[in-house]
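Dear colleague,

Please find below the structure that I am handing over to you, with its sequence. My notes on what was found in it follow directly after.

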Amino acid sequence: MKALGKLAGQTAIYGISSVVARLLNYLLVPYYTRIMPQAEYGVITDIYALIPFLLIVLTMGMESGYFRFAAKAANDDEKRKVFATTWGAVGLAATIFFVAVMLFRPQVAELTGYTDTPSYIWIVGLIVFFDVVNAIPFARLREQGRAMKYVVVRLLSVVINLVLCVWLYNWLPESWSVYESSVDAGYAFIANLVASAVTFVMLLPSCDGIMPRIDKKLLRKILLYSLPLLISGIAGTANEYIDRQMIKYLMPAGEAMAALGVYGAVGKIGVVMLMFTQMYRLAAEPF
């Protein structure tokens with residue numbers, strides 16, 4: 001009964017925060033669609049459909065693996081070793097990914113169709129790096145039942161992103177401009193990058209001084225548990241986001257990004273429907 005009470009309480013905390021965070025993020029949709037051409041919002045829709053694939057692959061199901069092996073740990077030292085190993089593994093994967101992105105940036109830009117704006121590649125690469133590195137510290141907060149800390153960090157990240165977006169598009173001094181157009185989608189990615197980096201800084205104190213350090217024997221066990229979850233995660237993410245890539249590559253080149261922008265904005269209407277499953281999953285998964 002005590003566990004059920006704790007589950008119910010954390011579901012409420014995660015649920016309320018998830019609703020607030022998603023609503024705050026949703027406020028950017030009418031804002032973006034008011035100030036941006038359809039094709040520019042199509043760029044945002046496209047990039048934010050690619051990021052979930054990268055996060056699933058690079059985290060390798062380690063969040064669930066961390067929950068599993070932390071729950072089985074006999075003492076606090078073993079839990080710390082599980083955290084250090086899982087964090088080290090995803091950190092290494094994130095670092096290799098970012099280095100590869102920087103080394104092959106022209107090829108990646110050509111593959112994704114952003115040869116005219118190559119800065120998108122390294123900015124999004126850094127966003128993915130920080131989001132992957134942040135995944136295990138966030139999982140640790142959930143495993144420890146520190147729901148309020150988790151919620152505060154998440155909400156602050158969303159607020160920083162929201163405020164910075166509005167500032168960049170409305171009040172950025174002309175001398176500071178990075179892109180030729182004041183409504184370039186790149187400013188949205190810059191705001192996201194800053195929010196992700198600040199989130200990393202906010203999470204560091206909750207790591208209790210533990211440094212990423214891979215125990216190879218433990219990592220093999222965790223990977224055996226986590227990799228099947230990676231496969232199912234890729235399938236689920238593809239089911240949710242592959243439609244954006246289909247629009248981008250199957251429609252005529254001159255129309256695709258505008259159509260993708262309209263499609264992405266309309267699809268955001270379903271954001272409220274996703275809140276209910278998200279709020280329960282966040283609380284229930286550690287159990």
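**Findings**

Leu92 has its place in helix α5, helices being DSSP runs of H or I with at least four residues, strands runs of E with at least two, both numbered from the N terminus. The model is a predicted one, in which local features need pLDDT of at least 70 and side-chain atom pairs count only at pLDDT 80 or more, while totals for chains, interfaces and linings use all residues. Residues are numbered from 1 along each chain as its sequence is written, and side-chain values use heavy atoms, with hydrogens and water left out.

Leu92 is partly exposed, at 47% relative accessible area; buried means under 20%, exposed over 50%, and partly exposed in between (1.4 Å probe, protein chains only). Together with Ile96 and Ile214, Leu92 makes a nonpolar surface patch of about 260 Å². Patches are built from residues with over 30% relative accessible area and no salt bridge, like charges being joined within 9 Å and nonpolar side chains (Val, Leu, Ile, Met, Phe, Trp, Tyr) within 5 Å.

**Overall fold**

The protein chain holds 12 helices and zero strands. Of its 287 residues, 45% count as buried. The accessible surface (Shrake-Rupley method, 1.4 Å probe; for residues, only the protein chains shown count as cover) comes to about 14800 Å², of which 67% belongs to carbon and sulfur atoms. Among contacts (heavy atoms within 4.5 Å) with a separation of 6 or more, 83% are between residues 24 or more positions apart.

**Cores and helix α4**

The largest nonpolar core has 65 residues, and those with the most contacts inside it include Tyr32, Met62 and Phe189. Helix α7 gives the most to this core, with 13 residues. Apart from it lies another core, of seven residues, among them Leu141, Tyr150, Val153 and Leu203. Such a core is a set of buried Ala, Val, Leu, Ile, Met, Phe, Trp, Tyr and Cys residues joined through side-chain atoms within 4.5 Å.

Met62 is also one of the buried residues of helix α4 (residues 62-72). The buried residues of α4 pack against α3 (38-59), α5 (76-103), α7 (119-143) and α10 (216-250). Beyond its neighbours within four places in sequence, Met62 is in contact with residues including Thr86, Ile136 and Leu219.

**Salt bridges**

Five salt bridges were counted, each defined as a side-chain nitrogen of Lys or Arg within 4 Å of a carboxyl oxygen of Asp or Glu. In one of them, Lys248 pairs with Asp46, the closest N and O atoms being 2.8 Å apart. This pair links helix α10 with helix α3 across 202 residues. Lys248 counts as buried at 12% relative accessibility, and Asp46 counts as buried at 0%.

Glu143 and Lys79 form a salt bridge with closest N and O atoms 2.9 Å apart. Glu143 lies in helix α7 and Lys79 in helix α5, so the pair ties together parts that are 64 residues apart in sequence.

Arg140 and Asp208 meet in a salt bridge at 3.0 Å, N to O. Arg140 is buried, at 6% relative accessible area, whereas Asp208 is partly exposed, at 40%.

**The loop between α9 and α10**

Ser206 lies in the loop between α9 (186-203) and α10, and is buried, with a relative accessible area of 3%. Its side chain reaches the backbone oxygen of Leu203 at 2.6 Å. Neighbours within four places in sequence aside, Ser206 is in contact with Arg140, Leu141, Arg146 and Lys149.

With kind regards

Technical notes
Polar contact = N/O pair within 3.5 Å; in protein donor to acceptor, adjacent residues only side chain to side chain.
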